[in-house]
Each structure stands twice: as structure tokens, then as C-alpha cells.
Amino acid sequence: MPPQLSPQLAPKLTIKALTQAVGQGVTPRMVRHYHQIGLLPQPARSEGNYRLYSQTDVQRLQRIVALKQQGFQLAHIQQMLVKSSEAPQVEPLVEQLQQQYQRVLQQLVRLRQTATALEGLLGRDRSCQMMQAEALAQLRLLDVETQSAQTLAADLWEHLDGAVADHPEDFQAALQRLLPDLSQRPEIEVDILSQMILACGDVGLSAFVRFSPDAIKAARQALTQGCTVVADVPAVMASFDQARLAHLGCTWQALIDDGHIDSAADAEQQFWHDARGRGQLASLVEGNIWVVGYAPSVLIALCDAIATQQLRPALVIGLPIGFSHAPAAKRRLMQLAVPYITTECALGGGLLAAVALNQLAASLIEKPDCHCYLGNGEPG
């Protein structure tokens, strides 16, 4: 391997070569603008008065681009670069990230309010549709990018909501209007996703649920063979449809066998202090269905056992709760060559995990000969 040149000795780059090295749509015009506002220091010049850039400039520009992609404004980026150059302190950066997170969260809240207003209209069934003419007229005033549910006046909601006491809600009719186009997904997968949405009341969940291509087939084969279903905690196991599992000849158990656990935080701490539970994890992996709805560390340990001991569960429903470890555990799961159902975010919980399992069992009993998940309609 040739020796690495220090940034000082590395060949200088022209402005065109700089933008090519950074990529990400950066143009020479953008670079010149960054010079003007002080984001990038003025570079050295060649004898022909061309700008010449070093690897340090490349790294600084890469960081500017990365921060822009995360949503930071140029003024904030400049402050962050100044602070980072003064001293390698983590705290100022964390404060900046917290401020950025709060700004993004406020935007999400406004959009969520708007979505709620639209759901209140679009989710109405046929029995309520005759009440919607006035609402649809008002809908033209609703700017979906900036406004919220308050755009629709309280008296309008009172008029619309007056009809809801006349009949029960038609959930399926509402879902048909609110769900995105799922026609390319297998019927059983759509059924599972619909039940998960009904369990949490958030149609946006559909954008984040991930099924491996073999998840449905693997689950049906394992349930048919009477596998064991392993929950991370008893609270998740208590939500299983045990009547259907028993009908299929399946058994179930909890890895952390402590009925007093009633939160993800308790489950996480208990798993770390439960040497017996960690020790028996590997013995329960092969051929079984795992339903992790509380502790992210259980899913991390399960992934480690699969990767290092070459064990293969029939299916992993990985939906633990958490804001850093849980998303990391789910990403790890999706990188493994095992069937899975998970979410590509922090969304999850024991109820959602159990609902996915229960719908798999229900579909097998109600539609034993369905092969929609194979893609070609042929039995496998």
C-alpha cells in the first residue's frame, strides 16, 4: 500500500476537482457563495490566479453538505463549525442538535395536525358522506403544508361530528380512503399492516413497516409445524391469540419470565441483570418465531446469536421500544439473512408486535391455501 500523504503535501485541487471530490450536487457557484459568507475560508491561488484547495477544504465542505442535508441553516452551520474548531467539545453540538430536533418536531406537529384534520374528513364512511359537502368546500382553504386542524372551524366540526352517534364506525371503509396504494403487496401483508394501523391509530405507520420478502411464507410454515413463539416479556406474550396458536399446535413462552415487568425500561434493565435469560436465548432461536416488543437489548442479543452462532429463527417480529438502541437493533435485524417484520424507526411496542403475530395465525387458519405472498400465485 502506498504511503498516505499528509493534507499539507497532498496535491491541490481546482474548484471543479473540489466539487467532484465532494459530490452531492455541490457546484462551483455554491463554493464561491460559501466563500462570500465565510463558511469556507478563502483558498490559496495559483500563479494563474486559480483557486487551489486542500484535503482539509474537502473535509470542511463535506461536513457543510452533511449538515445541510440534516436540515441545518447556513447560519447555524457556521456557528457549529466555529465552535468545533475552537475545541473538540461534544456539548455545544448536542445543544445544536437538540434545537434542530425541536424545530423539526414543531414542523411534524403542524403537519400531524393537518393530517388529523384530513383524516377527520377522508376517514368518514358512506353514512357520513352526506354531511361532507360543507367540509369539502372548506377544505379548499386548507394549506396542507402550513395549516393545522384549527383551519376547519369548530362549528364545522360540530356539524360533521353530529352524525357519528347514528352508527358504528366502518374501519375498513376509512382505511380504504386513507391508506396509500398497497396493490403491489401480498394480501396477507396488507391485512397485517391494516391491523397494526388499527391497533395504534396511526396511518403513517404504513410508511415505516418493513417485511422481508420471505416473512409471510416462513411464518406460515413455522406455525403449521407447531413452532414455539418466544416473547421478550410476559406482557407481550399475554397479548398473543393463544386460542389460535393452540389450534395450530404451537406453544409460547417469555424469555424474561417476570410478570412484574410493565414497561420497556424495566424489561431493558431486567435483561441486563438476568444472566439466566441471556444464557438460554441461543437455545430458543432455531426454528422458532420471536416477538420482541419491549426490550431493544433482547433484539440486539438475538441478532448477535444469529450472526455469531449461525442460528436461524423461523421469523423475528422485532418491534422493541426505544429512541437509539431500538432503531439500531432494527437496522441490524434487516441486515441479517433471516425473515423479519420490523419498522424502520422508533415506532413499535408489544401490542403492535403481538398484533402482527396474531394476524399471521388468523390468516393461516382462515386462508390456509392462500399463496398470494409467493408473488406468482403458485403453491410453494
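Which residues in α11 meet which residues in α18? In this predicted model, Ile-216, Ala-219, Arg-220, Leu-223 and Thr-224 in α11 meet Leu-360, Ala-361, Ser-363 and Leu-364 in α18, contact being heavy atoms within 4.5 Å. By class, this contact of α11 with α18 has six nonpolar, two polar and one charged residues; Ala, Val, Leu, Ile, Met, Phe, Trp, Tyr, Cys and Pro count as nonpolar, Asp, Glu, Lys and Arg as charged, and the others, Gly among them, as polar.

Residues are numbered from 1 along each chain as its sequence is written. Local features need pLDDT of at least 70 and side-chain atom pairs pLDDT 80 or more, while totals for chains, interfaces and linings use all residues; side-chain values use heavy atoms, without hydrogens and water.

The helices (DSSP runs of H or I, at least four residues, numbered from the N terminus) pack as follows, with axes fitted to C-alpha atoms over the stretch in contact and angles from 0 to 180 degrees between N-to-C directions.

| Helix pair | Angle | Axis distance |
|---|---|---|
| α1 (residues 15–22) and α2 (residues 28–37) | about 105° | 9 Å |
| α11 (residues 215–224) and α18 (residues 350–366) | about 70° | 10 Å |

Helices α1 and α2 are therefore roughly perpendicular to each other (angles of 65 to 115 degrees), and α11 and α18 are likewise roughly perpendicular. From α1, Ile-15, Leu-18 and Thr-19 meet Pro-28, Val-31 and Arg-32 of α2. That contact has four nonpolar, one polar and one charged residues.

Notes:
Helices (H or I, at least four residues) and strands (E, at least two) are DSSP runs, numbered from the N terminus. Angles under 35 degrees count as roughly parallel, over 145 as roughly antiparallel, 65 to 115 as roughly perpendicular and the rest as oblique.
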